[in-house]
Amino acid sequence: MHFQRIFMTSLLLVMYSSGWAAASIHLPFTGQPSVINTGWMAVDSPRIAGFWERSDHPLDLAFQKCAGVEGAGDYTIRLCLLSSLTDWEKELMRSYDALMYTLAPTSASAKQLKRTQKQWERFRKTEFAWIETKYNGLNGTMYQKWITIEQLMIVRERALLLSDYRARIAADTE
(Lines give C-alpha, C1' and ligand atoms only; values in the text may rest on other atoms or scores of the structure.)
Protein backbone atom coordinates (compact mmCIF):
# COMPACT_ATOMS: atom_id res chain seq x y z
CA MET A 1 0.00 0.00 0.00
CA HIS A 2 2.88 2.37 0.76
CA PHE A 3 4.39 1.78 -2.69
CA GLN A 4 1.02 2.50 -4.31
CA ARG A 5 0.78 5.87 -2.56
CA ILE A 6 4.31 6.76 -3.68
CA PHE A 7 3.45 5.70 -7.23
CA MET A 8 0.26 7.76 -7.33
CA THR A 9 1.96 10.79 -5.76
CA SER A 10 4.66 10.62 -8.42
CA LEU A 11 2.07 10.21 -11.16
CA LEU A 12 0.06 13.14 -9.86
CA LEU A 13 3.16 15.33 -9.81
CA VAL A 14 3.96 14.39 -13.40
CA MET A 15 0.39 15.03 -14.49
CA TYR A 16 0.17 18.34 -12.63
CA SER A 17 3.50 19.66 -13.92
CA SER A 18 2.68 18.69 -17.51
CA GLY A 19 -0.73 20.34 -17.41
CA TRP A 20 -2.57 17.06 -17.98
CA ALA A 21 -4.08 17.06 -14.51
CA ALA A 22 -6.69 19.70 -15.27
CA ALA A 23 -7.17 18.73 -18.92
CA SER A 24 -7.66 15.00 -18.39
CA ILE A 25 -10.55 15.21 -15.98
CA HIS A 26 -14.04 15.98 -17.18
CA LEU A 27 -15.49 16.46 -13.71
CA PRO A 28 -16.03 19.63 -11.69
CA PHE A 29 -13.50 20.34 -8.96
CA THR A 30 -15.33 20.57 -5.67
CA GLY A 31 -12.34 21.37 -3.49
CA GLN A 32 -13.32 18.55 -1.14
CA PRO A 33 -10.55 16.06 -0.39
CA SER A 34 -11.37 12.52 -1.33
CA VAL A 35 -9.61 9.21 -1.49
CA ILE A 36 -10.67 6.69 -4.06
CA ASN A 37 -9.17 3.26 -3.68
CA THR A 38 -9.35 0.85 -6.57
CA GLY A 39 -7.34 -1.81 -4.80
CA TRP A 40 -4.15 -1.28 -6.78
CA MET A 41 -4.18 2.49 -6.77
CA ALA A 42 -5.40 5.14 -4.34
CA VAL A 43 -5.96 8.68 -5.56
CA ASP A 44 -6.02 11.56 -3.10
CA SER A 45 -7.03 14.38 -5.45
CA PRO A 46 -10.60 14.86 -6.66
CA ARG A 47 -9.25 16.44 -9.85
CA ILE A 48 -7.22 13.36 -10.70
CA ALA A 49 -9.57 10.78 -9.22
CA GLY A 50 -11.83 10.92 -12.25
CA PHE A 51 -9.23 9.55 -14.63
CA TRP A 52 -10.44 5.95 -14.35
CA GLU A 53 -12.30 5.60 -11.12
CA ARG A 54 -15.31 7.79 -11.85
CA SER A 55 -15.53 7.36 -15.58
CA ASP A 56 -18.43 5.51 -17.10
CA HIS A 57 -16.75 5.24 -20.49
CA PRO A 58 -16.74 1.58 -21.58
CA LEU A 59 -12.98 1.61 -22.19
CA ASP A 60 -12.31 2.94 -18.68
CA LEU A 61 -14.67 0.33 -17.22
CA ALA A 62 -12.85 -2.40 -19.17
CA PHE A 63 -9.54 -1.18 -17.75
CA GLN A 64 -10.96 -1.11 -14.21
CA LYS A 65 -12.20 -4.67 -14.60
CA CYS A 66 -8.85 -5.86 -15.99
CA ALA A 67 -6.70 -4.09 -13.39
CA GLY A 68 -9.07 -4.80 -10.51
CA VAL A 69 -8.38 -8.53 -10.55
CA GLU A 70 -7.43 -9.69 -7.07
CA GLY A 71 -3.66 -9.94 -6.70
CA ALA A 72 -2.87 -8.18 -9.97
CA GLY A 73 0.80 -7.26 -10.01
CA ASP A 74 2.78 -4.75 -12.03
CA TYR A 75 3.03 -7.06 -15.04
CA THR A 76 -0.71 -7.75 -15.17
CA ILE A 77 -1.57 -4.10 -14.70
CA ARG A 78 0.87 -3.11 -17.44
CA LEU A 79 -0.80 -5.60 -19.78
CA CYS A 80 -4.16 -4.03 -18.90
CA LEU A 81 -2.69 -0.57 -19.58
CA LEU A 82 -1.25 -1.66 -22.93
CA SER A 83 -4.59 -3.18 -23.90
CA SER A 84 -6.34 0.02 -22.85
CA LEU A 85 -3.85 2.12 -24.84
CA THR A 86 -4.60 0.04 -27.95
CA ASP A 87 -8.34 0.40 -27.35
CA TRP A 88 -8.04 4.18 -26.89
CA GLU A 89 -5.98 4.45 -30.10
CA LYS A 90 -8.85 2.75 -31.93
CA GLU A 91 -11.35 5.04 -30.19
CA LEU A 92 -9.28 8.07 -31.20
CA MET A 93 -9.44 7.05 -34.87
CA ARG A 94 -13.15 6.29 -34.59
CA SER A 95 -13.77 9.71 -33.03
CA TYR A 96 -11.68 11.43 -35.70
CA ASP A 97 -13.50 9.63 -38.52
CA ALA A 98 -16.90 10.43 -36.98
CA LEU A 99 -15.95 14.10 -36.65
CA MET A 100 -14.71 14.24 -40.24
CA TYR A 101 -17.97 12.62 -41.38
CA THR A 102 -19.92 15.33 -39.51
CA LEU A 103 -18.04 18.11 -41.31
CA ALA A 104 -18.54 18.97 -44.96
CA PRO A 105 -15.59 17.32 -46.79
CA THR A 106 -14.42 20.49 -48.55
CA SER A 107 -15.11 22.87 -45.67
CA ALA A 108 -12.43 24.97 -44.03
CA SER A 109 -13.18 23.14 -40.76
CA ALA A 110 -12.46 19.73 -42.28
CA LYS A 111 -9.22 20.96 -43.84
CA GLN A 112 -8.13 22.56 -40.56
CA LEU A 113 -9.01 19.41 -38.62
CA LYS A 114 -6.82 17.34 -40.96
CA ARG A 115 -3.91 19.73 -40.40
CA THR A 116 -4.50 19.79 -36.66
CA GLN A 117 -4.64 16.00 -36.44
CA LYS A 118 -1.38 15.65 -38.36
CA GLN A 119 0.27 18.12 -35.98
CA TRP A 120 -1.19 16.28 -33.00
CA GLU A 121 0.19 12.98 -34.33
CA ARG A 122 3.66 14.56 -34.56
CA PHE A 123 3.22 15.84 -31.01
CA ARG A 124 2.19 12.36 -29.83
CA LYS A 125 5.23 10.77 -31.47
CA THR A 126 7.68 13.23 -29.92
CA GLU A 127 5.91 13.21 -26.56
CA PHE A 128 5.97 9.41 -26.45
CA ALA A 129 9.69 9.49 -27.26
CA TRP A 130 10.31 12.01 -24.47
CA ILE A 131 8.29 9.96 -21.98
CA GLU A 132 10.36 6.87 -22.79
CA THR A 133 13.62 8.85 -22.63
CA LYS A 134 12.93 10.33 -19.20
CA TYR A 135 12.57 6.83 -17.72
CA ASN A 136 15.51 5.43 -19.71
CA GLY A 137 17.95 3.59 -17.47
CA LEU A 138 15.55 3.23 -14.54
CA ASN A 139 15.08 -0.40 -13.57
CA GLY A 140 11.81 -1.80 -12.36
CA THR A 141 8.45 -2.77 -13.71
CA MET A 142 6.80 0.28 -12.17
CA TYR A 143 8.58 2.57 -14.66
CA GLN A 144 7.17 0.61 -17.57
CA LYS A 145 3.74 1.13 -16.04
CA TRP A 146 4.35 4.87 -15.67
CA ILE A 147 5.41 5.15 -19.31
CA THR A 148 2.24 3.43 -20.45
CA ILE A 149 0.02 5.49 -18.12
CA GLU A 150 1.44 8.76 -19.42
CA GLN A 151 1.05 7.65 -23.03
CA LEU A 152 -2.48 6.44 -22.35
CA MET A 153 -3.47 9.78 -20.83
CA ILE A 154 -2.38 11.62 -23.98
CA VAL A 155 -4.28 9.37 -26.37
CA ARG A 156 -7.36 9.13 -24.13
CA GLU A 157 -7.62 12.89 -23.80
CA ARG A 158 -7.44 13.44 -27.58
CA ALA A 159 -10.05 10.75 -28.25
CA LEU A 160 -12.44 12.29 -25.73
CA LEU A 161 -11.81 15.77 -27.12
CA LEU A 162 -12.57 14.74 -30.71
CA SER A 163 -15.68 12.91 -29.54
CA ASP A 164 -16.80 16.02 -27.66
CA TYR A 165 -16.23 18.21 -30.73
CA ARG A 166 -18.39 15.89 -32.80
CA ALA A 167 -21.16 15.82 -30.20
CA ARG A 168 -21.22 19.63 -30.00
CA ILE A 169 -21.30 20.06 -33.78
CA ALA A 170 -24.04 17.43 -34.11
CA ALA A 171 -26.08 19.16 -31.39
CA ASP A 172 -25.72 22.53 -33.12
CA THR A 173 -26.91 21.19 -36.48
CA GLU A 174 -30.04 19.49 -35.11
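Modeller: Let's start at Q151, which is found in helix α7 (residues 141-173). Helices here are DSSP runs of H or I with at least four residues, strands are runs of E with at least two, and both are numbered from the N terminus. Keep in mind that this is a predicted model, where local features need pLDDT of at least 70 and side-chain atom pairs count only at pLDDT 80 or more, while totals for chains, interfaces and linings use all residues. Numbering starts from 1 along each chain as its sequence is written, and side-chain values use heavy atoms, with hydrogens and water left out.

Is Q151 buried or exposed? Q151 is buried, since its relative accessibility is 7%; buried means under 20% relative accessible area, exposed means over 50%, and partly exposed is in between, using a 1.4 Å probe and protein chains only. Setting aside neighbours within four places in sequence, Q151 is in contact (heavy atoms within 4.5 Å) with L85, F128, I131 and E132.

For orientation, the protein has seven helices and two strands, which run α-α-β-β-α-α-α-α-α from the N terminus on.

Now for the pair itself. Two packed helices are described by the angle between their axes and the distance between the axes. Helix α6 covers residues 108-134, and α5 packs against α6 at an angle of about 165 degrees, the axes being 11 Å apart. The axes are lines fitted to C-alpha atoms, for helices over the stretch in contact, and angles run from 0 to 180 degrees between N-to-C directions. That angle is why α5 and α6 are roughly antiparallel to each other; the label applies over 145 degrees, with roughly parallel under 35, roughly perpendicular from 65 to 115 and the rest oblique. Their crossing is right-handed, so the near helix is turned clockwise from the far one by less than a right angle, and left-handed would be anticlockwise.

Helix α5 has another partner to look at, α4. Helix α4 (residues 58-67) and helix α5 (residues 74-102) pack with their axes 9 Å apart, at an angle of about 170 degrees. Therefore α4 is roughly antiparallel to α5, and the crossing of α4 and α5 is right-handed. From α4, L59, D60, F63, C66 and A67 make the contact, and from α5, I77, C80, L81, S84, D87, W88 and E91. By class, the contact of α4 with α5 comes to eight nonpolar, one polar and three charged residues.

Two of those residues are also bonded to each other. A disulfide joins C66 to C80, S to S 1.8 Å, where a disulfide is a pair of cysteine sulfur atoms within 2.5 Å. C66 is in helix α4 and C80 in helix α5, so this link ties together parts 14 residues apart in sequence. The link of C66 and C80 is left-handed, with -75 degrees about the S-S bond, and a search of the whole structure finds one disulfide. C66 counts as partly exposed at 31% relative accessibility, whereas C80 is buried at 3%.

Last stop: W88, in helix α5. W88 is buried, with 0% relative accessibility. What does W88 touch, not counting residues up to four places away in sequence? W88 touches H57, L59, D60, L152, V155, R156, A159 and L160. W88 and R158 are 70 residues apart in sequence, yet their C-alpha atoms are 9.3 Å apart in space. Further along α5 is D97, partly exposed at 46%, and its C-alpha is 9.4 Å from that of L162, 65 residues away along the chain.

Terms used: Nonpolar A, V, L, I, M, F, W, Y, C, P; charged D, E, K, R; others polar.
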